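Biologist: Put the model up, please, and let's go through the strands and the core.

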Amino acid sequence: MSKRARLIHKEDGTVVSSTSKYNGKYLLENLLVCGDCGASYRRRTERGKVVWRCAATRIEKGKESCVDSPTVNDEWVQKILGGVFCEDNVYNEDTITNNVQRILLFKEYLEIYCKMKKN
Ligand SMILES: [Zn+2]
């Protein structure tokens, strides 16, 4: 498995080096998992707002759609993650990448799995 290094140029002028096996555009797409059916979450824009929704809700043939999974607001997820993991409660993608393994979404709560620190 080869690791690819990426340089990310941020808006404030800083350059961050990132090694990732994901090519995903959005970090949360790699983290959010439906607690009900195990499908990953997909990013959508609804009425001008960014939301995350279980991918299985879009499957209409062959499988029952996942009706109990919550649709969550992107801002809301970032606010929670920022409050738990980040300095000054401000969502920081690098911090989340370093600390969060997976986020399971249930109807009334979410489960955050943290990465084990290893040296
Ligand atoms: Zn689901």
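Biologist: What is the bridge partner of Tyr41 in β5?
Modeller: Tyr41 is bridged to Cys54 in that strand. Strands here are DSSP runs of E with at least two residues, helices are runs of H or I with at least four, and both are numbered from the N terminus.

Biologist: How are the residues numbered, and what kind of model is this?
Modeller: Numbering starts from 1 along each chain as its sequence is written. The model is predicted, so local features need pLDDT of at least 70 and side-chain atom pairs count only at pLDDT 80 or more, while totals for chains, interfaces and linings use all residues.

Biologist: Back to β5. In which sense does β4 pair with β5, and over how many bridges?
Modeller: β4 (residues 41-46) and β5 (residues 49-54) are antiparallel, with 6 bridges. Two strands count as paired if DSSP finds at least two bridges between them. Further along, Arg43 has Trp52 as its bridge partner, and Arg44 has Val51.

Biologist: What sheet does that make?
Modeller: An open one of 3 strands, ordered β4-β5-β6, with antiparallel pairing. β4 and β6 each have a single partner strand, so one side of each has no neighbour in the sheet.

Biologist: Which strands make up the mixed sheet, and in what order?
Modeller: The order is β3-β7-β8, and that sheet is also open, with 3 strands. Its edge strands are β3 and β8 (110-114), each pairing on one side only. On average, neighbouring strands are turned by 25 degrees against each other, direction ignored. For that angle, axes are lines fitted to C-alpha atoms, for helices over the stretch in contact, and angles run from 0 to 180 degrees between N-to-C directions.

Biologist: Are β3 and β7 parallel or antiparallel?
Modeller: Parallel, over 3 bridges. Val33 has Leu104 in β7 as its bridge partner.

Biologist: What does Val100 touch?
Modeller: Leaving out residues up to four places away in sequence, Val100 touches Leu31, Leu81, Phe85, Ile112, Cys114 and Lys115. A contact means C-beta atoms, placed from the backbone, within 7 Å. Val100 is in strand β7, and its C-alpha is 6.0 Å from that of Tyr113, 13 residues apart in sequence.

Biologist: Why does Val100 count as partly exposed?
Modeller: Because it has 19 C-beta neighbours inside 10 Å. The rule is 20 or more other C-beta atoms within 10 Å for buried, 12 or fewer for exposed and partly exposed in between, with C-beta atoms placed from the backbone.

Biologist: New topic, the core. Which residues touch the most other members of the largest nonpolar core?
Modeller: Leu32, Cys34 and Tyr41, out of 14 residues in that core. A nonpolar core is a set of buried Ala, Val, Leu, Ile, Met, Phe, Trp, Tyr and Cys residues joined through C-beta atoms within 7 Å. Elements giving two or more residues are α1 (27-31), β3 (32-34), β5, α2 (74-85) and β7 (100-105). β3 gives the largest share, 3 residues.

Biologist: What is Cys34 in contact with, beyond its neighbours within four places in sequence?
Modeller: Ala39, Tyr41, Cys54, Ala56, Cys66, Ser69 and Leu105.

Biologist: Where is Cys66?
Modeller: Cys66 is in the loop between β5 and β6. It counts as partly exposed because it has 18 C-beta neighbours inside 10 Å. Ala56 is 10 residues away in sequence and 5.6 Å away, C-alpha to C-alpha.

Biologist: And for the chain overall, how many helices and strands are there?
Modeller: There are 3 helices and 8 strands, in the pattern β-β-α-β-β-β-β-α-α-β-β along the sequence. Of the 119 residues, 13% count as buried.

Note on methods
Contact = placed C-beta atoms within 7 Å.
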